[in-house]
Amino acid sequence: MAAIADGTDAVAEAGGVSEYGSDADVSREPAGQPVMDLLRFAAVGSVDDGKSTLIGRLLHDTKQLFDDQIEAVELASRGRGIDGMDLSFVTDGLRAEREQGITIDVAYRYAATPARKFVIADCPGHVQYTRNMATGASTADLALVVVDAPKGLREQTRRHVCIAALLGVRHLIVAANKMDQIDWDQSAYDRVVSEMAHLSERLGVVSCTVIPVSALHGDNVADRTDAAPWYDGPTILEALEQAPVGEWAGVQGTHQGSGARLPVQWVLRQPGGGRTYAGMINGGPLRAGDEVVVLPSGQRSRVTAVETLDGPLREAAVGLSVSVQLADDVDVSRGDLLAAAGDLPDLVTQLVATVCWFDGKPLIAGAQYRIKHTTRVTPARIVSVDARLDVNRLELLPADSLEENDIGTVTISVATPLATDPYHRNRITGSFVLIDPNTNGTVAAGMVGLPDLTPLDEDPASLDDHA
Amino acid sequence: MTTTLDPPTATTVESRSRIAARPTVDHLDLLEAHAIFIMREVAAECERPVLLFSGGKDSAVLLRVAEKAFRPGRLPFPVMHVDTGHNFPEVIDFRDRRVAELGERLLIASVQESIDTGRVADPGHGGMRNRLQTTALLDAITAHGFDACIGGARRDEDKARAKERVLSFRDAFGQWDPKRQRPELWQLYSGQVRPGEHLRAFPLSDWTELDIWQYIEREAIELPSIYYAHRRSVIERDGMLLAESAWVAPRPGETAYEETVRFRTVGDATCTGAVRSEATTVERIIHEVAISRVSERGATRADDRFSETSMEDRKREGYF
């Protein structure tokens, strides 16, 4: 492996407390060289289908685990009467998770192969913790969907795929897991392929690669198995290394996004009396000279400089935190949005949105919350609950309330006009959360617009739940 | 580069040209931008934030990010050190010098004071004080009315930290409840708490140890000299190399000896181990980190060795 360019550094020889190996094969990423190629993915799927075991297996077999971490997992496994290693303990690090053998909240892990860097969100599968799954999936480029192949897709698998797709995940890698339990029976794999194809088509998923695996034994995870000669596609690792990156941030994305937007976070006073407006760029790059409109006020101005502490930038790329100087002395404060004059967002006091509801108390018309949209927090009222998504039939059904973990559509009115884009055009200006004003808890994740469900000829056979 | 023990700390001509000449965005740029974003959100949404600065490498990076977020203005929060009293003198020197250079206000929450006032039991001479920092920290939060503590913790440090939100809620008793964390979607960080409650904010959540060192190299961030290889008198104990000091002396059967070491983390001197290393430059440290087979805390922190869930247990009580 060529990851370490300079292997000549003096490194302590193995001794009682030496911690270094000389073997470059254990390197986690190329030393000293920032890597552009970064994939953020979320492991999703139903409880007990093997997400954490798969992530543990992947990290173990690609040598991402430190020796002391492996020892700790072995020790914890032994303490619970498990022979060898329970690889789910790699990410299930909480006391309660290990007691119950489930994942309660997202674990973030960081890994790198010679091909690319990964940020992994290992999400909980239990329906009770759907809010945590949504947290993990909300920043993912790709979802790794884990399915218990002998049992097929469950309602919770469908819910997760729906949420991931609504959150904008367009690429799926599906691990048809536990193939060892059914002697690598191809028909079980084929059934997962057909069910996932149906879901993917309906939800607008662009790519869906189904891979027969055994997370427990490591077949087709990092290493190819010879147990399934009928399968000639990629392993999980190969699929992860080949998947498109930058989908989330749109840094390298190919989808049609909005024009440049800068939600103002903070006003910086410059020596000499001027001001610059600080925030993170989204939608598209912003350059000195660009015409912008301040929303909601509607004042027009021109960017005269894009500043950072390291000096001015000719162009501020999407995802960078900068501050912007304007040509005119306009009134701009936190919560306002600077938008490219040629491509303005919608300025709304009422919006139709798709929401995932997280609170134990149902969502009903008339309820009051605070909405956080970009850097603006303002009171919001639910005008109406319009529909609930049936995650099995993938249909919007009329509804007047949403229960915990339901996905649905609502109409919301807000106290201060918000500058929004449809979620599919811009994930920053198209997203919001609802906050309970009494507890300050986040009770809903919202996306501007209706879910994009492709009409489909129903095939009732494919809708059976095999759980 | 040769050595960064005494690097330029201000914005330099080189760093300006570096940005201008590099239109593309790399992963350090994105990590930095995200950290700046989080800091500005916390400063804007919370009434009385504070930035925790130990003089360690992560908090040195945190301070640089704070400068990038708020200069040319002053930082919109004070800087606070939770001081165990078991310090490496190089770290305290660095802490004071760095805060003075920045022209910011340094608060000290003292574990010694907690002991002297009977808030916590004295663990005795040379006893480990890491866990006692919780009381000093929570007392300072109450005394100053802080509603957010910005810290340099990273998710790659520990399996409990791996589970924690960027903005992590603490109840009126300072407790973290890992089963009831607030959902945290996209980059919509919600900073509101009720009186008595507070948040811990972790702008470096997604950074790895290697990212920290690469950023230190890129930004030429000064660190306490003990992060670089040096000769030091050490004592081998429980598989760790402890620095001989006013609090750590050889026990029967142990001998102190000279060794070339560096510190991978900096904490209470009684439980922070050194590692054997010849790495005198950032570049060499980056190489060592890239091929290390032992995690940062596994190599250097005795306080994580008590039980399977040491960090989670401490965090539940209100630890960093």
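How many helices and strands does chain A have?

1. Chain A has seven helices and 24 strands. The model is a predicted one. Of the 467 residues in this chain, 55% count as buried. Where contacts in chain A link residues at least 6 apart in sequence, 70% of them join residues at least 24 apart.

2. On the domains of chain A: the assignment gives domain 1 (27-242), domain 2 (261-340) and domain 3 (346-448). Between the C-alpha centres of domain 1 of chain A and domain 3 of chain A the separation is 30 Å. Contact between these two domains of chain A involves 13 residues of domain 1 and 14 residues of domain 3. On the domain 1 side, α4 (130-137) and α5 of chain A each supply at least two residues. The largest share of that side, six residues, comes from α5(A). By class, the side of domain 1 of chain A that touches domain 3 of chain A comprises five nonpolar, three polar and five charged residues.

3. Helix α5 of chain A deserves a separate paragraph. Among the buried residues of α5(A) are A:Q156, A:R158, A:R159, A:H160 and A:I163. After the helix comes A:G168, which has a positive phi near 105°.

4. On nonpolar packing: the largest nonpolar core has 228 residues, and those with the most contacts inside it are A:A137, A:A143, A:V174 and A:A176. Helix α2 (residues 27-45) of chain B provides the largest share of this core, 10 residues. Which residues does A:A137 contact, leaving aside its neighbours within four places in sequence? The partners are A:A42, A:V44, A:C123, A:A143, A:I163, A:A164, A:L167 and A:V169. Two of the residues in that list, A:I163 and A:A164, are buried residues of α5(A).

5. On the domains of chain B: the division is into domain 1 (26-211 + 310-317) and domain 2 (225-304). The centres of these two domains of chain B, taken over C-alpha atoms, are 24 Å apart. Their contact takes 22 residues from domain 1 of chain B and 20 residues from domain 2 of chain B. α4 (89-102), α7 (209-219) and α10 (310-317) of chain B each supply at least two residues of the domain 1 side. The residues of that side of domain 1 of chain B are five nonpolar, 10 polar and seven charged.

6. A last point concerns B:R314, which is placed in helix α10 of chain B. Is B:R314 buried or exposed, and why? B:R314 is buried because 21 other C-beta atoms lie within 10 Å, and the cut-off for a buried residue is 20 or more. Not counting residues up to four places away in sequence, B:R314 touches B:R131, B:T134 and B:Y319. B:R314 and B:R131 are 183 residues apart along the chain, and their C-alpha atoms are separated by 7.0 Å.

Conventions. Residues are numbered from 1 along each chain as its sequence is written. Chains are lettered from A and ligands numbered from 1 in the order in which they are written. This is a predicted model: local features need pLDDT of at least 70, side-chain atom pairs count only at pLDDT 80 or more; totals for chains, interfaces and linings use all residues. Domain bounds come from an automatic or database domain assignment. Two residues are in contact if their C-beta atoms, placed from the backbone, lie within 7 Å. Helices (H or I, at least four residues) and strands (E, at least two) are DSSP runs, numbered from the N terminus. Ala, Val, Leu, Ile, Met, Phe, Trp, Tyr, Cys and Pro count as nonpolar, Asp, Glu, Lys and Arg as charged, and the others, Gly among them, as polar. A nonpolar core is a set of buried Ala, Val, Leu, Ile, Met, Phe, Trp, Tyr and Cys residues joined through C-beta atoms within 7 Å. A residue is buried if 20 or more other C-beta atoms lie within 10 Å of its own, exposed if 12 or fewer, and partly exposed in between; C-beta atoms are placed from the backbone.
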